[in-house]
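Colleague: I'm new to this one. Could you show me how to read it?

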Amino acid sequence: MKADKLRDLSPDELLRKEADLKAELFNLRFRSATGQLENPLQINLLKKDLARVKTIIRENQLKSS
């Protein structure tokens, strides 16, 4: 997901998105450990998306302070 689209989301939506990405990352790691994951690069992409969301959340916290 692009950072521009993430910046348009509200703080509550960002937190919900972060939780969803964490849950999806857990599922991908579980599937990878059991050998059911077809594309292991999905994990790296998901981790980058999670980092983007966390960065936008932190930017918003610093703006409001």
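**Reading the chain**

Colleague: What share of the 65 residues of the chain counts as buried?

Modeller: Buried means under 20% relative accessible area, exposed over 50%, and partly exposed in between, with a 1.4 Å probe and protein chains only. Here 22% of the 65 residues are buried. Keep in mind that this is a predicted model, where local features need pLDDT of at least 70, side-chain atom pairs count only at pLDDT 80 or more, and totals for chains, interfaces and linings use all residues. Residues are numbered from 1 along each chain as its sequence is written, and side-chain values use heavy atoms, leaving out hydrogens and water.

Colleague: How many helices and strands does the chain have?

Modeller: Helices (H or I, at least four residues) and strands (E, at least two) are DSSP runs, numbered from the N terminus. This chain has 3 helices and 0 strands, in the order α-α-α along the sequence. The chain is more spread out than a compact globule, because its radius of gyration is 14 Å, well over the 11 Å from the globule rule for 65 residues. That radius is taken over C-alpha atoms, and the rule is 2.2 Å times the number of residues to the power 0.38. The C-alpha box is roughly 45 × 15 × 15 Å along the principal axes.
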